[in-house]
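Dear colleague,

Please find the structure below, handed over for your own work.

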Amino acid sequence: MLKKLPVGVDGFKKIITEDFYYVDKTMFIEELLQNWGEVNLFTRPRRFGKTLIMDMLKNFFEIGSDRNLFDGLKISQEKELCEMHMGQYPVISLTLKDVSGEDFSSARNALCNKIGKEALRFRFLADSTKLSEEERAMYMQLIRVGNDNGAIFTVPDAVLVESLGTLTQLLARHYEKKVIVLIDEYDVPLDKAYQNGYYDEMISFIRSLFGNVLKTNDNLQFAVLTGCMRISRESIFTGLNNLKVYTVMDTRFDEYFGFTDADVDTMLAFYELTAYKNVMQEWYDGYLFGKAGLYCPWDIINYCDKLLADRDSGPENYWANTSGNDLIRRFIEKANQTTRDEIEQLISGRLIQKEIRQELTYRDFDSTIENLWSILLTTGYLTVRERISAREYKLAIPNAEIRDLFVTQVKEWFRDISRADTARINRFCEAFPAGDVLRIQEMLHDYLWDSISVRDTAVRRNMKENFYHGMVLGLLQSRENWLVISNAELGEGYSDIAICTPEKTGIVIELKYADDGNLEKSCAEALDQIEERKYADGLKRKGMKKILKYGMAFCEKECMVAMTE
């Protein structure tokens, strides 16, 4: 039987013991031990395997863990390293990815519950003879359960900000060994706080919590933190001089978050899906971390799982429902005409050159459009193609999946802003039954100029036409008492757009993309097609008394409209 694919499973022990397919990233452990700083921060986009890496570390280092979990994996070949480090440390492991709330109090309670549940894993500390009575009392404070303000654990603020530091002290005393601290998704509470208006309170709290465990802590062996964003040292890591940061720009550890080409080849061969390699490259490859080219593992696992059920399945956008996609919308809304042109270049497959700031505070995010380029890079919506200097990089959209996200957000943004101006869109729609070609052409030109073209210079002509088709269709569909049909079967073919109005006026529209820039010729071709395929006859059979035929031609942001009756 084939191994199960770990869709949504990020527990290392569960993947190994329940025979899920595992892409071996255990040599991360060796590199970490060779290069570790006292505090190590890894920033990568979501869905690139950070949580699984952190759980692997916990299972490797923690005292009492199952050594058999690593049998047959690459790290097991490093006998001396395993003998020296496997199962040799107390480990505090905390994920902050669910720490959120509409206000600071509810987020603080969620954080308190996370820490309280982790502290409960060390229940033996309550009876440890190696601790003093006062130290045992300190531990009991961390796990005190009550019903105060909706929190499971009732821990005073003064105790909570010291909690992780206290745990390292007690565990080090009990085991007589220094402690490893793992904090996954460290930046999520700050992100949620910024979105909900309690950022100052949360950042002050997190700064104290982290400072007490990570700064000048003699009980700390080392710490590993992961997150999406590299939050500036001044805002959260003040005075922390022992911090080593590994971003998507760094060559160290570059191959461990994400799937390499070799990883994907091995997986596809295992499941006999090698024939799908090209489509996976097009849709899910394209990320560059350091010098390693990588696929998004979440996408590969999900698409492989879908293909095992149905070999005819096409690729899907597995990022489409993630919470971070509103970042693209926010970016588009803030964009001026120059930035919109840059977005068009990215969508068309070209590169843009930008200065990247790797350290930001959340307040910096919206202060200037230039900072949003850096955020799009660190969150995986853009990737590096070439380094120009220490701060200048050439950026690109990594693959078809992310391009599809941009296109979707652009279309939704344009639909919303165009429909919000009801007077303008009414003038546009009214021009069609009136036969006002000049007004249609001028307003279409204005809409094209205001919008962001999502055409791709590398795709076929009919796919370029789809963009303009969708744009015109969206504008006309705002007219609620019109029957507006896309790709309607009329006469002897399928017209691009057909409209029936209550006044019995039928409108048929054919659109063409003028690859050669000859708009007049393309307009004539569109009108000829309407006649040749007898689209008007189909509207007459629907009861329309008057028929207007429109040919539209487009080339980039230029357009021409012609009409016959």
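**Findings**

Leu 2 lies in the segment before helix H1 (12–17). Please note that the model is a predicted one. With a relative accessibility of 48%, Leu 2 counts as partly exposed, because that class covers values between the 20% limit for buried and the 50% limit for exposed. Together with Phe 270 and Leu 308, Leu 2 forms a nonpolar patch on the surface, and the three residues have about 240 Å² of accessible area together.

**Helix H12 and its surroundings**

Helix H12 (residues 261–270) and helix H13 (residues 277–284) have axes that come within 11 Å and cross at roughly 140 degrees. That angle makes H12 oblique to H13, because values over 145 degrees would be needed for roughly antiparallel. The crossing of H12 past H13 is right-handed.

The loop between H12 and H13 contains Glu 272. Its phi is near 55 degrees, a positive value in a residue other than glycine. Glu 272 is exposed, at a relative accessible area of 64%.

Thr 266 also belongs to helix H12, and at 49% relative accessibility this residue counts as partly exposed. Between Thr 266 and Ser 106 there are 160 residues of separation in sequence, and 45 Å in space from C-alpha to C-alpha.

A further residue of interest here is Asp 263, which forms a salt bridge with Lys 25; the closest N and O atoms are 2.8 Å apart. Asp 263 lies in helix H12, whereas Lys 25 lies in the loop between H1 and helix H2 (27–35), so the pair ties together parts that are 238 residues apart in sequence. Asp 263 is buried, with a relative accessible area of 15%, and Lys 25 is buried as well, with a value of 8%.

**Other salt bridges**

How many salt bridges does a search of the whole structure find? The search finds 26. In general, side chains of opposite charge can pair when their charged atoms come close.

One of these joins Glu 344 and Lys 557, with an N to O distance of 2.7 Å. Glu 344 lies in helix H16 (residues 337–347) and Lys 557 in the loop between strand E16 (546–555) and strand E17 (558–564), so this pair ties together parts that are 213 residues apart in sequence. Both Glu 344 and Lys 557 are buried.

A network is also present: salt bridges that share partners join Lys 58, Glu 62, Glu 118 and Arg 121. Within it, the side chains of Lys 58 and Glu 62 meet at 3.6 Å, N to O. Lys 58 and Glu 62 are both buried.

**Two remaining items**

The axes of helix H19 (residues 422–430) and helix H20 (residues 437–450) come within 9 Å and cross at roughly 140 degrees. H19 is therefore oblique to H20. The handedness of this crossing is left-handed, whereas H12 passes H13 in a right-handed one.

Finally, Arg 47 has a positive phi of about 70 degrees, although it is not a glycine. Arg 47 is found in the loop between strand E1 (39–43) and helix H3 (50–61). With a relative accessible area of 31%, Arg 47 is partly exposed.

Yours sincerely

Notes. Residues are numbered from 1 along each chain as its sequence is written. This is a predicted model: local features need pLDDT of at least 70, side-chain atom pairs count only at pLDDT 80 or more; totals for chains, interfaces and linings use all residues. Side-chain values use heavy atoms; hydrogens and water are left out. Patches are made of residues with over 30% relative accessible area and no salt bridge: like charges are joined within 9 Å, nonpolar side chains (Val, Leu, Ile, Met, Phe, Trp, Tyr) within 5 Å. Accessible areas come from the Shrake-Rupley method with a 1.4 Å probe; for residues, only the protein chains shown count as cover. A salt bridge is a side-chain nitrogen of Lys or Arg within 4 Å of a carboxyl oxygen of Asp or Glu. Helices (H or I, at least four residues) and strands (E, at least two) are DSSP runs, numbered from the N terminus. Buried means under 20% relative accessible area, exposed over 50%, partly exposed in between (1.4 Å probe, protein chains only). Axes are lines fitted to C-alpha atoms, for helices over the stretch in contact, and angles run from 0 to 180 degrees between N-to-C directions. Angles under 35 degrees count as roughly parallel, over 145 as roughly antiparallel, 65 to 115 as roughly perpendicular and the rest as oblique. A crossing is left-handed if the near helix is turned anticlockwise from the far one by less than a right angle, and right-handed if clockwise.
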